[in-house]
Amino acid sequence: MKEVTNEDMGYSDFFESNRKKLKLDEFSVARVIAEYKGAYKVKNSIGEYFAKVTGKKIFNALSREDYPAVGDWVSIKEQDEEWAVIKEILPRQTLIKRKYNNKNGIQIIATNIDVAFIVEAFGRDFNLNRFERYFAIANDGGVVSAIILNKIDLISKEELDLKLSQTKNRFKDIDIISTSALTDIGLEELKSYILPGKTYCFLGSSGVGKSSLINKLLEENAIETNEISFQTNRGKHTTTGREMYFLKNGGIVIDNPGMREVGMTNADEGVDNVFDEITELAKECKFVDCSHVSEPGCNVLSVLKSGELDEGKYYNYINLKKETEFYEMTEVERNEKDYKFGKFIKKAKKDIKKYKN
Ligand SMILES: Nc1nc2c(ncn2[C@@H]2O[C@H](COP(=O)(O)OP(=O)(O)OP(=O)(O)O)[C@@H](O)[C@H]2O)c(=O)[nH]1
Ligand SMILES: [Mg+2]
Ligand SMILES: [Zn+2]
């Protein structure tokens, strides 16, 4: 078998020159390929290790951005065959992150990504607006987006052509690949889109088929996939961590937990209608990153106050937004935020009451 080099895993002059600049010559480099409760898995041409960050590094960490994330190139010191310590994170070329609305900053989705695949599926509430949120997240971190329309086996050829032309018209500069992880249509096209040594991050709602597509690309069922369960309140979220996989053709892909869109108290109202109305109102907010909870000059709040925006709708929106972020978090982040999430909703309700009186 051919030796796998760090370059095969995405290492480049960019990282090497920074490693030199930071005088990290005495350490090996490795790529973070998975994140677990309080630990990471890192990989380089020598092998794979479980890794932790040093106590000193945790102590000095100012924000989530100071911690390693899947995709990072890090300097490590090997402890034994199995364990290593992460000494430094090499500067990131790109970074996909989400901002929280509360002051606690950000959540890193993945780093050093070349292309973000935004996956959407037929057989659900297919909606073009949803793409824009993902494009914004990718763009913000310097990452190019491409669209994957999955589950095309569920619709007719005519329907597909129509949806495809609508999507192309709306997003003229974005590449679109249509696939079925069930019948394999489009998989060859997807494979040839993925270049050796480049890193691709799969983003999209829960159940659209991100893990199924990656399994097909890997040509094995490496990742568990599942039907979405609407029975339980919190639902089933099949992929819960972020993990990197290496394809036979040399491409590198990262699977992510999706966002769930159940959890709306009035499911039949439809997430998108709620979103559309509020997104439209939000354009008039004073601050671009307005969370519509307590900011001055918030148009959503003022329309809410006037009674023109349904209160139930508003709470659904706020709840959904928090839940969406919550479901996209890794276990570590969740434990941290679990408590704050409940408190946030309580505070939001109190703030609104205050505002209305
Ligand atoms: N009909 C059809 N079903 C598909 C296709 N791709 C995936 N599925 C099914 O959709 C369900 C969800 O697929 P997953 O791959 O687990 O979805 P996911 O996006 O990884 O979901 P999370 O991990 O929860 O974010 C599974 O039951 C898959 O078998 C497809 O192309 N066509
Ligand atoms: Mg999955
Ligand atoms: Zn606002």
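The structure holds zero disulfides, a disulfide being a pair of cysteine sulfur atoms within 2.5 Å. This is a predicted model, in which local features need pLDDT of at least 70 and side-chain atom pairs count only at pLDDT 80 or more, while totals for chains, interfaces and linings use all residues. Residues are numbered from 1 along each chain as its sequence is written, and side-chain values use heavy atoms, with hydrogens and water left out.

**Zinc site**
- C285 (SG), C290 (SG), H292 (ND1) and C298 (SG) coordinate the zinc ion (ligand 3) at 2.0 to 2.4 Å; donors are N, O and S atoms within 2.8 Å of the metal (3.2 Å for Na, K and Ca).
- The site is tetrahedral, with angles of 103 to 115° among its four donor atoms; four donors count as such if all angles lie between 85 and 135 degrees.
- The spacing of the donor residues in sequence is C-x4-C-x1-H-x5-C.
- Both C285 and H292 are buried, that is, under 20% relative accessible area with a 1.4 Å probe and protein chains only.
- C298 is likewise buried, with a relative accessible area of 3%; the value for C285 is 10%.

**Nonpolar cores**
- The largest nonpolar core has 42 residues, a core being a set of buried Ala, Val, Leu, Ile, Met, Phe, Trp, Tyr and Cys residues joined through side-chain atoms within 4.5 Å.
- Among the residues with the most contacts inside this core are V42, I76, F131 and L203.
- Leaving aside neighbours within four places in sequence, F131 is in contact (heavy atoms within 4.5 Å) with I118, E120, F126, I147, L149 and F171.
- A second, separate core of 22 residues includes F117, V119, A146 and I194.

Technical notes: Chains are lettered from A and ligands numbered from 1 in the order in which they are written. Buried means under 20% relative accessible area, exposed over 50%, partly exposed in between (1.4 Å probe, protein chains only). Four donors count as tetrahedral if all angles lie between 85 and 135 degrees; four count as square planar and six as octahedral if opposite donors are over 155 degrees apart and all others between 65 and 115; anything else is irregular.
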